[in-house]
Amino acid sequence: MHSIPFRSAPLHQPLPIEKLRWHCPLNLIPADTTEAVSPIEGIIGQDRALQALKLGVELYGPGYNIFVSGLSGTGKATTIKTILEKIQSRQVEARDLCYVHNFADPDHPCLLTFKAGEGKRFKSDMDDTMRMVVERMPVRYEDEDVQHKRQALIDEFNRLEMEMFTEYEQRIAPDGFVLGRIEDGQTVQPEILVKLGDKSVLISDLPAAVEEGLLTEEEAGQYTEKYDEHKRALREVLRRGMKLSREYRKKILEHERREGALHLLTLFQDLLDTYTDQNVQEYLNAVMEDILENYEQFRSQENEDTEVPVEFEVNLLLDNSGTSCCPVIVETVPTFRNLFGTIERKQDARGFYSSDFTSIKPGSLLQADGGFLVINAADALTEPGVWKSLQRVLLHRKLEIQSPEMFAQQSISAMKPEAIDVNIKVILIGNNDIYWALSTMERDFKKIFKIKAEFDYEMPNTDIAVKQYTALIRKLVADEGLRHFEKHAIAGIVEYGARLVAHQRKLTTQFSEIADIVREANYWCGQNGHTYVTAMHVDKAIEETYNRHALYEDKLQEMIEEEVLLIDIEGERVGQINGLAIHGGERFAFGKPTRITASVSAGKSGIINIEREARMSGSTHDKGVLILSGFILEQFAKERPLSLTASISFEQSYSGIDGDSASSTEAYALLSALTELPIRQSIAVTGSINQKGDIQPIGGVNQKIEGFYEVCERRGLTGEQGVIIPIQNVDNLMLRGNVVDAVREGRFHVWAVRNVCEGIELLTGVEAGERDVNGQYPPETIFGMVERRLQRLRENVREAEGGSTGSGSTG
């Protein structure tokens, strides 16, 4: 019981109606309906991002790629597309790229570069030329002049060979020998025979001839001795014959190569004259050389297959013949294969896999050559191998097309195509978390992404902005064939834009959210059979949007109504107060009251955070409780130690608690427990505090007010209920119409406070108090009562410690 009368607190007025919500002035809307409005052209509210994008797009240099960050729905993709579409002329000259066979090293295909359109023409010209080679080379080799010269060489060889063997025969004839031919398997070999009358026999048949009496044994012995001598001479003749054969074979080949080269030069002359690049010239010469080296495959007319051998084909990797401006490639599935290309494998009839230069396929990096490639950062980071490979390409400005087998432990392909110099700008779309992580953890990130274009989620709420919103609605109407909007409906959309950013002087730039409401309002207009979309349809669309996500909110409301969750909205309680918590996600978050209690006793433990002790408290909430302890020390323990044990709890909270927006609420509950002054349960509180007792702004103020209002409205509004918020959050108020109407009718209230003193006075009706000239709080004020209570607790602790020390003495 309090023996000293209380000093009544000054009257704190609730916020006036006009502070609770911004209403769009109808005179700012340029027409009665969107029919008389021109559609928006360009981007709204992103001047900073537009300047960064313009710089990144127009400035060509190493590393001037762009990272675009911002919330989803702020128009990043639309803006990028719009800006890039305006670029009609190329900063980098377009080119065609071809891979061709490397005759010196087939595992390293050669790259040929052409001006735009020339690559396709070269491929066609090369194919036509090779078909002529396949068709005409056999005819050329069968030409009468060519065959006549060839036959002359053959005849000359035969003559010289004959002369050589004739001379040899003449040399062995006096000794009774002749030169014959014998079959040795499938070949015929020259052999020395012995002349016996009209018969010629092998040296091995002489013993038989002796038995027949054709010659004596002595004569046979003489023949054998001479045979060995002439056999050695025959081997020398055969060696000279082989040498002569090689010489004339070479002459015949040179003759055919010479004739073939003249014919090939005729066939390839147009190509050589048309494509003068050194690399192309070297390739064409290598083609002709390979044809001449393997001319046998081109000389037969019996082969009816006129297909060009694969090594003479041209793989047109990049064809810009049909493009006239910068390519803009948006890669929605940035896998390694889609981005960097691949080397495909071909399976033959035996089941074996193989690859050649025609298996090389481009990816979107190459398709965007000379232009822009747009990628989602999160997708690129999660696809295997993509991010590191992209870094290497942008850092070294070279692309090496590889097989997906590179990710396997063993690769069956040794093919390594010649690297390609790339001229592209990559535009990476992500959020600030990804940008921070990459810039912190990847040392080369800022070298290759020198431009950051950050899209803001809000813009100033100006007269121009309202007109831009109107023009945006008109564009949606035109593009999607929607019904036209009346002036009040447009105002409702603009106000919804302010509600989304929770600020009366700001509008959202998440235009995807605005577009959704425009479409849904058009739907409800159609359902009602109306011609124009009105404010009623906009309100219906917004209401249904929330209703679709309100299941969890409704379940909590049922638990409060059934008193499963205990919430008092009438009467007074000591050490008990209604705090306000946010549940759910960002866009569809909702607020609901939660009971916070405090208890106080003598001791030295200080303020105990029950949630922390139960390991259910987040770091921000822990910090808030520590700041609350600092506030108590600042106010009441500057000169004397604090002898206090107090516990604070979020009742019926069985999940984690975080955030410091309830720290002021906890302070009020603690002050009530210390003074034993009851707190009005008809008021809910939100706001954080600092150690000096100043109230600080919090988030979700609209949802918190509306959450407590709904609880009160369901149980019955008494005219006493309301919410205390920080004064800094007044500009954030964009309350729903039903809450504003209740305040207008005096059935609900919203107060804004600057410090703990104002808040506790509203909750208890007792003045907080200020120190007098002696540094003391008046005893009839709240702070005076707190000081007296702390003094009693301090004395109780001292007495308890003294009693404990002297308990062994009886006197």
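A502 lies in the loop between α16 (487-501) and β19 (506-508), where helices (H or I, at least four residues) and strands (E, at least two) are DSSP runs numbered from the N terminus. The model is a predicted one, in which local features need pLDDT of at least 70, side-chain atom pairs count only at pLDDT 80 or more, and totals for chains, interfaces and linings use all residues. Residues are numbered from 1 along each chain as its sequence is written, and side-chain values use heavy atoms, with hydrogens and water left out.

Another loop, between α22 (663-675) and β25 (678-680), holds E676.

Helix α7 comprises 16 residues, 278-293. From first C-alpha to last, α7 reaches 22 Å, close to the 22 Å expected at 1.5 Å a residue; the expected span is 1.5 Å times one less than the number of residues. Among the buried residues of α7 are V280, Y283, L284 and D290. At the start of α7, a side-chain oxygen of D277 comes to within 3.0 Å of the backbone nitrogen of N279.

The chain as a whole has 26 helices and 30 strands. Of its 811 residues, 48% count as buried.

Terms used:
Buried < 20%, exposed > 50% of the residue type's maximum accessible area, 1.4 Å probe, protein only. Polar contact = N/O pair within 3.5 Å; in protein donor to acceptor, adjacent residues only side chain to side chain.
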